[in-house]
Amino acid sequence: MKLTLKIWRQKNAADKGGFATYVADHVSKDMSFLEMLDVLNDQLTEKGEDPVHFDHDCREGICGMCSLYINGKPHGPQQTTTCQLHMRSFSDGETITIEPWRAKAFPVVKDLVVNRSAFDRIIQAGGYVSVNTGGVPDANEIPIPKTVADLAMDAAQCIGCGACVAACKNASAMLFTSAKVSQLALLPQGQVERKTRAEKMVAQMDAEGFGACTNTGACEAECPKGISITNIARMNREYFSAVASSDNM
Amino acid sequence: MTWVTKTLNSTLGRKLIMALTGLFLILFLTGHVSGNLLLFKGDGGQAFNMYAKFMTTNPAVKLLSYLTYISVIGHIVYSIFLTQHNKSARPVSYSTSNGSSNSAWSSRNMGVLGTIILIFLVVHLQGFWAKMHWGEIPMVTYEGEEYKNLYLIVSEAFKQVWLVALYVVSMIFLGFHLSHGFASAFQTLGLNHKKYSPAIKAVGMVYCILVPALFAAMPLYIHFTSYTK
C-alpha cells in the first residue's frame, strides 16, 4: 500500500503548529496503525529529521495511552483503540489525516501527544473508595447481585483514553466522569463517599474546562470500550440527588 | 444559597435548566396545538375567538403563560451560556471531522435550529400575540357577549403566501429541534432506563412529526380555504 499522511506537527505547547505531509510507501495491510507510524519514524530518523511524537504503551488495547484523531474520528474508522487498528481498514492510495485530541483541557505537548492529566485530577477529586486496612477480606464477603456487578464492570471498562472528549463536539468529559462515578456508586464499597464523590468529580470536570453534554451520543459511538451513555444519566441522578441532600454547602 | 447557585452554574445544573424549561415548552406546545385545532372547525372562527378570550383572561392560564415566558427566556439565556462554554472547551478545532458517522445532524445543531425558531417566534408573537394583547382588533358579538376577532387577523394574515411559507418551513426546523430535544431532556434528568427509554424515544419521534405537522397545517388550511370563499 502507498499512503499519503497528513500529520499535525507542533514543536511544543507554545508553538502554533501545522500539518506536514509524508508519503508512506510499502505499507503492509497487516501492520497496525502504530507500526505504520514506527516505520515512518525510522525513515525520518535515518534522514536526520525529528520523528513524529505520539502516545502509546501496551499496544494491546488495554492501557488507554494511544490516542490520535484519524480521518475525523478518534482512534480512526474502527470502534477500537488506535493500537488495535490495522492498515487493512484503509485503502491503497488513501490520504490519512492525523490530528491530536482537541480540547482546552488536553493541551498539546508535542505533535500528537496531549496532556491528559485532567482525567487524573478528576479521579483524584473523588474516584476512590475507603477501605479497611488489615488482613485480606474473604471473597464474596459482601454480597453483590450479578446484574449490579455486571453494570459496575461495564463502567469499569473505561481505560481513560479520552476518545469521548475527542469525539464530542463540546469536548465534554461526561462519559469518562460518569463511567467512574457509576462504577463506584453501583457497588457497596462506594457508598461511603457516594454523594461527595458525585459533587467533587463534576466540580473538577468543570474546573478543567471540559464542555457540557448535548446528548449527541458521539462519545458512546466512538468509545473503544463501548461505555454507554446510560452512565451519563446515572451521573446526573447521582449529582442532582447529591447536591439536594448532602451536607456540603 | 451558595450551593444552589453553584449547582445551577455547573455544566450539569445548566443542562438541568435546559431540560426542565424544554419540557415545559413541550407541554406548552401540546396545549397550544390542541387549542388551535379549533381553527379547523369551519364555524367562521367563533369557537377560536371564544377560546382566545378564555386564554387571555383566565387567571390560571395567566399563571401558565408567565411560566411559559420564563421558560422561553431561561431556555435561550442558558443555551447562550452553554454554547459559549462548549465553544471555549475546544479552542482549536479539527481540520477533518466526521460527525455524521457518530451522531445525528439535529443533535449537533440544536443551537442553529433554536436560533431559527427564535426568529420565527419573534415574527409569530409580533403578528398575533402582541396584537391580541395591545393592538387594535375588530370586535365580534356572539350571544350578546363581545369578543376580539382574532380569527379575522389570523385568516387575513395567512392570505399572504410568504407568511404561510415561513410558518411551514419554521415548523420543519421545530420538528428537527424536537427530534433531539424531547428524548434528550429525559436523558439529562437522568431518566434513562431500558424499560422506559425506548417508549420515550418512540413518543418523541411521533411528537416531533405530529405537532409541527399540525401547526403547519393551520396556515395551509386557512390559506387554501380562503380561495373558496
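How many helices and strands are there in chain A, and which elements of chain A form the side that touches chain B?

Modeller: The model is a predicted one, and every value below is computed from it. Chain A contains eight helices and seven strands. Its C-alpha trace spans about 60 × 40 × 35 Å along the principal axes. Of the 249 residues in chain A, 45% are buried. Among contacts in chain A between residues at least 6 apart in sequence, 70% join residues that are at least 24 apart.

The domain assignment divides chain A into domain 1, residues 3-110, and domain 2, residues 117-245. The C-alpha centres of domain 1 of chain A and domain 2 of chain A are 29 Å apart. Their contact draws 18 residues from domain 1 of chain A and 15 residues from domain 2 of chain A. On the domain 1 side of that contact in chain A, there are eight nonpolar, seven polar and three charged residues.

We may now turn to the part in question, the side of chain A that touches chain B. The contact between the chains takes 37 residues from chain A and 37 residues from chain B. On the chain A side, the elements that give two or more residues are β5 (95-99), α6 (194-207), α7 (218-222) and α8 (230-245) of chain A. Of these, α8(A) gives the most, with eight residues. By class, the chain A side consists of 16 nonpolar, twelve polar and nine charged residues.

Two details of the backbone deserve attention as well. Most residues other than glycine have a negative phi. A:His26, however, has a positive phi of about 55°, although it is not a glycine. A:His26 is placed in the loop between β2 (18-24) and α1 (33-46) of chain A. A:His26 counts as exposed because it has 7 C-beta neighbours inside 10 Å, and a residue is exposed if that number is 12 or fewer.

In chain B, B:Glu143 also is not a glycine and has a positive phi, of about 50°. The loop that holds B:Glu143 lies between β1 (139-142) and β2 (145-148) of chain B. With 6 C-beta neighbours inside 10 Å, B:Glu143 therefore counts as exposed.

Note on methods: Residues are numbered from 1 along each chain as its sequence is written. Chains are lettered from A and ligands numbered from 1 in the order in which they are written. This is a predicted model: local features need pLDDT of at least 70, side-chain atom pairs count only at pLDDT 80 or more; totals for chains, interfaces and linings use all residues. Domain bounds come from an automatic or database domain assignment. Two residues are in contact if their C-beta atoms, placed from the backbone, lie within 7 Å. Ala, Val, Leu, Ile, Met, Phe, Trp, Tyr, Cys and Pro count as nonpolar, Asp, Glu, Lys and Arg as charged, and the others, Gly among them, as polar. Helices (H or I, at least four residues) and strands (E, at least two) are DSSP runs, numbered from the N terminus. A residue is buried if 20 or more other C-beta atoms lie within 10 Å of its own, exposed if 12 or fewer, and partly exposed in between; C-beta atoms are placed from the backbone.
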